[in-house]
Amino acid sequence: MKSIKNNLSVVLITLLLISCTSKPSLQKYYVENQENQNFMVIDIPTSILNINEDSLSKKQLKTFKAIEKVNFLGFKKTSDNSSEYLSESKKVTSILADNAYKPLIKYGGDKQGAVIKYLGDDDAIKEVIIYGSDDSKGFGIVRVLGNDMNPAQLIELIEILKKSKPDSETFKNIANFF
C-alpha cells in the first residue's frame, strides 16, 4: 500500500511539473512589467465603450458579449531608456513569434508597424493581440480576451466600435502616454 502511495505521489508531482511551463507568454509579460515605470498598464472594461446595446444587431450583440476584457500595455521610449526599449521590444517580438500566436494582419516594418495575431482555433478565438511599435515613440500591446470569438466577429467588432462613444479620459491617458 505504501509503494502505491509513493508511486501515485511521484506521478502527481511529475504531472504538476510538466503542467507548469516556463515558456514566456503575454500574460506573464504583463504581470512582470506592471510595476515598471516605463510601462503603462490599463485594464479596459467593455463598459468604457459606452455601447447602447439596443442599437446592436443580434450578431453584433453576440460579438460584444463574447468579449470578456481588454488589456493595454504600453512602453514609452525616451532618450533615457533606449536600450531597455530595444530589450523589451525583442522580448515581445520573441513571445509573439511562438506558433501559438497565429497571424491575422501585418502592417509596416520593423521600425514602425503593427501586427494582429490570435490565440485559439479559427472558430474559437480566445485572445486577439494587437501589437504596434514605433522605434521613435515606443510600443503598445492590446489584448482582447473573449469567449469563442471567430475572425468574422472581428469585423463585427469594428462595426460595434464605430457605434461606440468611448470614455475619452481613458483613451486620452493612453494617447498622452505616447
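Trainee: In which strand does Val 115 lie?
Mentor: The model is predicted, so local features need pLDDT of at least 70 and side-chain atom pairs count only at pLDDT 80 or more, while totals for chains, interfaces and linings use all residues. Residues are numbered from 1 along each chain as its sequence is written, and side-chain values use heavy atoms, with hydrogens and water left out. Helices (H or I, at least four residues) and strands (E, at least two) are DSSP runs numbered from the N terminus. On that numbering, the strand that holds Val 115 is S4.

Trainee: Does Val 115 count as buried or exposed?
Mentor: A residue is buried under 20% relative accessible area, exposed over 50% and partly exposed in between (1.4 Å probe, protein chains only). Val 115 has a relative accessibility of 14%, so the residue counts as buried.

Trainee: In what order do the elements of the protein chain run from the N terminus on?
Mentor: The protein chain has 6 helices and 6 strands. Read from the N terminus, their order is α-α-β-α-β-α-β-β-β-β-α-α.

Trainee: Among contacts in the protein chain between residues at least 6 apart in sequence, what percentage join residues at least 24 apart?
Mentor: The protein chain has 178 residues, of which 36% count as buried. For contacts between residues at least 6 apart in sequence, the share that joins residues at least 24 apart is 62%.

Trainee: Which elements do the buried residues of H2 pack against?
Mentor: Helix H2 spans residues 26–33, and its buried residues are Leu 26, Tyr 29, Tyr 30 and Asn 33. They cover an arc of only 100° around the axis, which puts them on the same side of H2; the arc is that of the directions from the helix axis to the C-beta atoms. In an α-helix there are 3.6 residues a turn, so residues three or four places apart point the same way. The partners of the buried residues of H2 are S1, S2, H4, S5 and S6.

Trainee: With which side chain does the side chain of Asn 71 make a polar contact?
Mentor: Asn 71 is found in strand S2, residues 67–76, and is buried at a relative accessible area of 4%. Beyond four places in sequence, Asn 71 touches Tyr 30, Ile 42, Asp 43, Ile 141, Val 142, Arg 143 and Leu 145. A polar contact is a pair of N or O atoms within 3.5 Å; within protein, one must be able to donate a hydrogen and the other to accept it, and residues adjacent in sequence count only if both atoms are side-chain atoms. At 2.3 Å, the partner of the Asn 71 side chain is the side chain of Asp 43.

Trainee: Which residues are exposed on the other side of H3?
Mentor: Helix H3 covers residues 58–66, with Gln 60, Thr 63, Phe 64 and Ala 66 buried. Seen down the axis, these buried residues fall within an arc of 160°, so they line one face of H3. The other side of H3 has the exposed residues Lys 58, Lys 62 and Lys 65.

Trainee: How many Å separate the C-alpha atoms of Thr 46 and Phe 64?
Mentor: Thr 46 lies in the loop between S1 and H3 and is partly exposed, at a relative accessible area of 21%. Leaving aside neighbours within four places in sequence, Thr 46 is in contact with Phe 64 and Ile 67. Thr 46 and Phe 64 are 18 residues apart along the chain, and their C-alpha atoms are separated by 8.4 Å.

Trainee: How many Å apart in space are Ile 158 and Gln 60, C-alpha to C-alpha?
Mentor: Ile 158 is found in helix H5, residues 151–163. At 48% relative accessibility, Ile 158 counts as partly exposed, whereas Gln 60 is one of the buried residues of H3. In sequence Ile 158 and Gln 60 are 98 residues apart, and in space their C-alpha to C-alpha distance is 9.8 Å.

Notes
Contact = heavy atoms within 4.5 Å.
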